[in-house]
Amino acid sequence: MSTQAWAVGITGASGAIYGVRLVQELLRCGHTVHLMVTEAGWQVFHDELDWNTENRESLLAEKFQQDFPGELRYWGLRDFNCPAASGSYRCQGMIVVPCSMGTLSGIAHGASGNLLERVADVMLKEGRKLVLVPRETPLNAIQLENMLRLSRLGVKILPAMPGFYQKPQTMDDLVNFVVGKALDALDVPHALFRRWGE
């Protein structure tokens, strides 16, 4: 399979491990990943994964630049030099995983208030793949209306809801199911879970 360029956003919703595992899988497949992490996302790295986030560049190198053949490019939320912020750059698509309700709202209303929202807006205007993985419950009417608005624009709304028919034995099994479904939405081949009927 030919390598592709993907934009990945990780926000402050619970479930940072989903974003981490997805980036690792894209890099393992040899793809280029343009990564954006919100300030709240960095906080969740610390709170949920016990990562020391004081030196962000070295942390990213440790967690993502292992023996993976792909290329990781990290962008601050104010750095609009990111190629994916322009429609002329051939980015295959974008996924925000996990996606907070604040980020989802910003995307739904075309705010482009930071680089992550701008790249999502580019995916919308160019008609490219845009997948949002919300991790929130329960949902209020405003959040549901924002999701419906985006779905009508062609955005894939993929809630972080693991399936249990594959009889998960570990936390990794649950994480891999959600990440595998996200990769399916991007049309990226993987072998992270056993499919129904296999």
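Guide: Arg28 and Glu25 both sit in helix H1 (residues 16-28), three residues apart, which is about one turn of the helix. Helices here (H or I, at least four residues) and strands (E, at least two) are DSSP runs, numbered from the N terminus. A heads-up: this is a predicted model, where local features need pLDDT of at least 70, side-chain atom pairs count only at pLDDT 80 or more, and totals for chains, interfaces and linings use all residues. Residues are numbered from 1 along each chain as its sequence is written, and side-chain values use heavy atoms, with hydrogens and water left out.

Visitor: How far apart are the closest N and O atoms of Arg28 and Glu25?

Guide: Side chains of opposite charge can pair when their charged atoms come close. A salt bridge means a side-chain nitrogen of Lys or Arg within 4 Å of a carboxyl oxygen of Asp or Glu. Arg28 and Glu25 form one, with their closest N and O atoms at 3.1 Å.

Visitor: Is Glu25 buried or exposed?

Guide: Buried means under 20% relative accessible area, exposed over 50%, and partly exposed in between (1.4 Å probe, protein chains only). Glu25 has a relative accessible area of 11%, so the word for Glu25 is buried.

Visitor: Which helices hold Glu39 and Arg56?

Guide: These two form a salt bridge, with the closest N and O atoms 3.0 Å apart. The pair ties together parts that are 17 residues apart in sequence, because Glu39 lies in helix H2 (residues 39-49) and Arg56 in helix H3 (residues 56-64). Glu39 is exposed at 52%, while Arg56 is partly exposed at 27%. So the helices are H2 and H3.

Visitor: How many residues apart in sequence are the parts that Asp184 and Arg195 tie together?

Guide: The side chains of Asp184 and Arg195 meet in a salt bridge, 2.9 Å from N to O. Asp184 is in helix H7 (residues 171-185) and Arg195 in the segment after H7, so the parts they tie together are 11 residues apart.

Visitor: What do the buried residues of H3 pack against?

Guide: Those residues are Leu59, Leu60 and Phe64. They lie on the same side of H3, because they cover an arc of only 100° around the axis (the arc is taken from the directions from the helix axis to the C-beta atoms). On the other side of H3, Glu57 and Glu62 are exposed. Counting heavy atoms within 4.5 Å as contact, the buried residues of H3 pack against H1, strand S2 (32-37), H2 and strand S3 (71-74).
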